[in-house]
Amino acid sequence: MKIKRKIEIAVISDVHLGTYGCHAKHLLTYLNSIEPKKLILNGDIIDIWQFSKRYFPKSHLKVIKKIMDMASEGVEVYYITGNHDEMLRKFSNTTIGNISIVDKLVLELNGKRAWFFHGDVFDVSIQNAKWLAKLGGYGYNLLTLLNRLVNWYLEKRGKERYSLSKKVKNGVKGAIKYVNDYEKVISDLAIENGYDYVICGHIHQPKMEYRENKYGKTMYLNSGDWVENFTALEHQFNRWKIYNYNKDKFAPFYIDEDIENMEIKDLIAAITIVEQRGKKT
């Protein structure tokens with residue numbers, strides 16, 4: 001029998017299902033290793049911006065089914081909308097069974113206030129030039145696809161994986177300044193509104209640190225992504241931690257046996273059944 005880690009909250013973001021950069025199998029391994037009371041999907045889970053009928057593999061469908069199964073088993077699932085899945089914002093404040101679609105979320109954790117949102121509303125490039133942001137998204141996906149080919153070759157040669165996108169980001173001063181400004185604006189706003197924790201995603205940069213200004217302090221947390229970092233946030237015993245798949249993965253946990261060999265049409269049928277059950281409850 002598989003023993004899963006029981007945690008209060010798991011936060012994942014920037015999965016980008018439906019794109020070549022998404023590592024759905026890694027995410028399935030992680031989801032099968034935990035038993036959270038709350039699962040917070042903090043934006044860009046399904047990449048509707050770049051959705052293509054030609055590419056939505058079986059492993060991506062399995063992630064959706066796994067999340068819906070968790071909800072049917074009693075896990076509270078909050079889907080916080082992001083910019084790549086902004087079409088879901090028209091359904092904000094909709095609840096189906098244990099799944100709620102929201103734009104932001106505030107929770108009280110042991111007497112402390114936690115503010116969850118994706119973070120794209122603080123991205124000037126998206127607000128002022130959405131077409132440019134989308135074009136950049138396509139370029140990023142092309143880079144991650146190239147990166148997968150490079151890493152496949154490196155692993156065959158027994159060498160360490162390499163992140164092209166990280167190299168590009170770290171080599172551009174403007175990108176570093178953008179990340180620093182993003183984190184400061186969000187942290188300052190959290191302090192101004194009295195939040196003890198502020199939890200976001202969007203920039204694909206996992207992080208956990210205290211931020212302070214003359215008005216107070218807060219803990220800034222970013223869940224990272226499942227394109228290059230493979231990270232999540234976990235809350236248990238009144239503490240936060242960053243889960244890193246490459247360092248913390250649990251070997252015994254893989255894809256659930258009941259969905260391992262399912263055909264795509266059967267997966268879609270199973271997802272539909274779970275959705276119908278949710279509407280009845």
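In this predicted model, the charged end of K217 sits over the ring of Y210, 5.3 Å from its centre; a charge is taken to sit over a ring if NZ of Lys or CZ of Arg is within 6 Å of the ring centre and within 35 degrees of the ring normal. Residues are numbered from 1 along each chain as its sequence is written. Because the model is predicted, local features need pLDDT of at least 70 and side-chain atom pairs count only at pLDDT 80 or more, while totals for chains, interfaces and linings use all residues, and side-chain values use heavy atoms, with hydrogens and water left out.

Rings also meet other rings. Rings of Phe, Tyr and Trp (its six-membered ring) pair if their centres lie within 6.5 Å, and planes under 30 degrees apart count as stacked, over 60 as edge-to-face and the rest as tilted. The count by this rule is 10 aromatic pairs. In one of them, the ring centres of Y30 and Y243 are 4.3 Å apart with the planes at 35°, so this pair is tilted. Y30 belongs to helix α1 (residues 24-31) and Y243 to strand β12 (residues 239-244), so the pair ties together parts 213 residues apart in sequence. Helices (H or I, at least four residues) and strands (E, at least two) are DSSP runs, numbered from the N terminus. Y30 is buried at 0% relative accessibility, and Y243 is buried at 1%; buried means under 20% relative accessible area, exposed over 50%, and partly exposed in between (1.4 Å probe, protein chains only). Ring pairs join Y30 and Y243 with W226, F230 and Y245 in a cluster.

A second example comes from W115 and Y195. Their ring centres lie 4.9 Å apart and their planes are at 20°, so the pair is stacked. This pair links distant parts of the chain, 80 residues apart: W115 is in strand β7 (residues 112-117), and Y195 is in the loop between α6 (173-192) and β8 (197-200). W115 is buried, with a relative accessible area of 11%, and Y195 is buried at 12%.

Strand β7 leads on to the sheet. Five strands form an open sheet in the order β6-β7-β8-β10-β9, with mixed pairing; two strands pair if DSSP finds at least two bridges between them. At the edges stand β6 (104-109) and β9 (207-213), each with a single partner strand, so one side of each has no neighbour in the sheet. On average, neighbouring strands of this sheet are turned by 20° against each other, direction ignored; axes are lines fitted to C-alpha atoms, for helices over the stretch in contact, and angles run from 0 to 180 degrees between N-to-C directions. The pairing of β6 with β7 is antiparallel and spans six bridges, and L107 stands opposite A114 in β7.

Most residues other than glycine have a negative phi. D14, although not a glycine, has a positive phi of about 50°, and phi of D44 is near 55°, also positive. D14 lies in the loop between β1 (5-12) and α1, and D44 in the loop between β2 (34-42) and α2 (58-72). D14 is buried at 0% relative accessible area, as is D44 at 1%.

The side chain of D14 makes a polar contact with the side chain of H204 (3.3 Å). A polar contact is a pair of N or O atoms within 3.5 Å; within protein, one must be able to donate a hydrogen and the other to accept it, and residues adjacent in sequence count only if both atoms are side-chain atoms. H204 is placed in the loop between β8 and β9 and is buried, with a relative accessible area of 7%.
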